[in-house]
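Hi,

Here is the structure I promised to pass on.

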Amino acid sequence: MIAYLIRRILYAIPILIGVNVLTFSLFFVVNTTDDMARMQLGMKRVTPEAIEKWKQQHGYDRPLLFNEHEAGLKKISDTIFFQKSIRMFMFDFGSSNDGRDIAREIQARMLPSLAIALPTFIVGLLIYITFALLMTLFRATALDVMGVSLCVLLMSVSGLFYIIGGQFVVSKLWHWVPISGYASGVDGIKFILLPVLIGVMGSVGSSSRWYRTIFLEEAGKDYVRTARAKGLSELRVLFGHVLKNAMIPILTGVVVVIPLLFMGSLLTESFFGIPGLGSYTIDAINAQDFGVVRAMVFLGSVLYIAGLVLTDISYTMVDPRVRL
Amino acid sequence: MNGMPIILWTDAMIYLLLAVVAVATLWIRKRPYLLLPWQRVMKSSVGMVSLLLLSLFVLVGLLDTVHYRAALPEKSNGQTVYSPEVLSLLDVLAKDIKSRNEKTYSAPLAAHLYAKESVEMPNGGVGRDYPRLKYGGAHLANPQQELFNDVLSRALSGAMAGVLIATLLAASWIALLYALRRLSVDRASSMSSPPVTGRQSFRALLITTVLLGMLFGMVSNLATAYHVLGTDKVGQDVLYLALKSIRTGLVIGTVTTLVMLPFALFFGIAAGYLRGWVDDVIQYIYTVLSSIPSVLLIAATVLIMQVYIEAHPEWFSTSAERADLRLLFLCLILGVTSWTGLCRLLRGETLKLRELEYIQAAQAFGVSSARILTRHIMPNVMHIVLIAMVMDFSGLVLAEAVLSYVGVGVDPTTMSFGTLINSARMEMGREPMVWWTLAAAFGFMLVLVLTANLFADAIRDAFDPRLNRT
């Protein structure tokens, strides 16, 4: 197990290097740093001096890969690639355009993101699996057909509709919860309810249908027939056998997103004014703050790889045949 | 009217896509074993009805794809000058609703503006009242009393005309099918007879045609005198905006797949069949790409493209060309991010196929790798490609709206469901609220995505060999 983990983490390094090189070439090779500065300062009538000053302030005045003006190791370390990309491995993301430290900002914003994403994830999972199990229980009846039709309908509605409609009905018409905002602690619950509800609604259609497919595939197997043949009730078959054996495909899709919960949701957070990482990203995109976007891309892929490792570990918990 | 035809980049992609579809149709028609799953699709009522609706959307999209620049009346030095505005056939057909701009918001089928303004009173003074619309219901002398009856009578007469036309169409269609069948029976060649839709799906198709005829008759008759879906902030007809948005949605949904397909197919099959270091490299590439959350990758790339396009204004002679290039870039980027899923699926399937007896037999006969890949493996993974294509479509249409909201979608001047929603987002907070723009955008999107989902299901049911049919 330990050996496996070490191996997995070593595997992750080339992938992260790949991500790093990709973002580096995306951000610095496609466009020159001059273009970036001009974009920030307004497109027209920018003096070369202003561009130089901006580049110097933000540390973009170095050469890209190789600095021939310096001596020794500094030839490599005093470059944009080293300063901006390699340092991300130490989780040193530099500072955003308004001069704040990105790493500290990320730390502060993780908690609000998690406060929304974690309840959405847990409540959602419970509801989707219950719904899917019910459809499996009533499979090939009118109820099942209705359930699937409802799922298809729900998944055809844009996520934006759930947010705009939910905010309008629940907050504006009924005045149940505030339209947007965030507070930490117990006060925050009223702010969290609606985003969680909408987050769950947003993928109830596609997720329930997906789980139903998994359950149905499992329910068609021979051991299920055996279980029924020895006289188990349909409910026991479903919970004791089908659900247990469907855990592997379920975990494959579910565990990998757990670390990504830290990243929050772009849409929900920006609509509900939650000061999390999602709205941070959106603000950065709108302000064209490349440093923040680059940091989020890197963080996202680190968390994704962590999710893959977690998935493998979770297999050993539900399936005794899997040994790492 | 003279004009200079223009082929934008996405237009070219759409024409290419049409050509691919046409070639594929010809290819499939001659091969009964390929025709079989399509005949299963034709037997499904849901599949055929959704196909009919989708083809209407495609028709609107295609009309909106044929672009040209109109010639201006004055000439300079004997040379014709073309207007900087790029128009499409749809603009010509919908010229009336396009040009009839009001001052600002007006509700669907209204005769008055939505907000009160200072107007001259009949007695000479100035008071606050809802001013009349310039075009909507302008023929009515006294809208308060006549509006309802006028709308009702126009809707009814339009619906009746629509039903009549639809019935005639359906009747001629049946006659044609019947004649074709007679012809093929005469030739006594059962193989080349046209594929017959199932009795049930045929009935469903007829009913849908008549209902659609009713709807179109109603809307088009009303549209001659009213704004059927109201007008937006600057007085543009919302129905026109929604119709223009269809093309963007279709382009995002189809061109993206067209762009990524060659990569996914080539790399997926190569990785699965050749294994070894090729497999390692390809797996490395798609792990790197898929490890970046797709929204972030798209956001980063679109931001970069924005800077790139801004830095090269000299490439574009019209703003439509710039917006179009951005749309194409968006498709490319979406293609890059959605490429990995299909690639992984194809790799897995190829790994499975290459161990089967018929491939081993081919290898034993000394058939070259390239030939095995193209003749034996590729045809047997095509159903996965097709299913993935139709399944991805609806997701991409939905993604466009979200991305445009986030600010990394299409160009703000491109009409799309995303930009429509984005511009109308704050209108729900107005008092009284303006709901029609959002309702139109979400409504059109729902119909498009729902029919695409239903069609995708029908395709999957017909093509997936894992579903046992008896």
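Let me start with a helix pair: helix 13 of chain A and helix 16 of chain A make a right-handed crossing (right-handed if the near helix is turned clockwise from the far one by less than a right angle, left-handed if anticlockwise). Helices here are DSSP runs of H or I with at least four residues, strands are runs of E with at least two, and both are numbered from the N terminus.

Before going further, some housekeeping. This is a predicted model, where local features need pLDDT of at least 70 and side-chain atom pairs count only at pLDDT 80 or more, while totals for chains, interfaces and linings use all residues. Residues are numbered from 1 along each chain as its sequence is written, and chains are lettered from A and ligands numbered from 1 in the order in which they are written.

Back to that pair. Helix 13 (residues 247–254) and helix 16 (residues 290–318) of chain A cross at roughly 160°, and their axes come within 9 Å. Axes are lines fitted to C-alpha atoms, for helices over the stretch in contact, and angles run from 0 to 180 degrees between N-to-C directions. The two helices are therefore roughly antiparallel (over 145 degrees; under 35 is roughly parallel, 65 to 115 roughly perpendicular and the rest oblique). Helix 13 of chain A brings A:Met247, A:Ile248, A:Leu251 and A:Thr252 to the contact, and helix 16 of chain A brings A:Thr311, A:Ser314, A:Tyr315 and A:Val318. In contact means C-beta atoms, placed from the backbone, within 7 Å. By class, that contact has five nonpolar, three polar and no charged residues (Ala, Val, Leu, Ile, Met, Phe, Trp, Tyr, Cys and Pro are nonpolar, Asp, Glu, Lys and Arg charged, and the others, Gly among them, polar).

Another pair in chain A is helix 7 (residues 142–156) with helix 10 (residues 204–219), packed at about 140° with axes 7 Å apart. That angle makes helix 7 of chain A oblique to helix 10 of chain A, and their crossing is left-handed. Among the residues making the contact are A:Cys151 and A:Met155 from helix 7 of chain A, and A:Gly205 and A:Arg209 from helix 10 of chain A.

Now the place where the chains meet. The contact takes 41 residues from chain A and 37 residues from chain B. Helix 10 of chain B gives the most to the chain B side, with 12 residues. That side has 29 nonpolar, six polar and two charged residues.

The largest nonpolar core has 153 residues, and A:Val293, B:Ala299, B:Leu303 and B:Ala441 have the most contacts inside it. A core here is a set of buried Ala, Val, Leu, Ile, Met, Phe, Trp, Tyr and Cys residues joined through C-beta atoms within 7 Å. Helix 15 of chain B gives the most to this core, with 16 residues. Residues up to four places away in sequence aside, A:Val293 touches A:Ala284, A:Ile285, B:Ala299, B:Ala300 and B:Leu303.

A:Arg62 counts as buried because it has 20 C-beta neighbours inside 10 Å (buried is 20 or more other C-beta atoms within 10 Å, exposed 12 or fewer, partly exposed in between, with C-beta atoms placed from the backbone).

As for chain B overall, it has 15 helices and five strands, and buried residues make up 39% of its 470 residues.

Cheers

Technical notes. Two residues are in contact if their C-beta atoms, placed from the backbone, lie within 7 Å.
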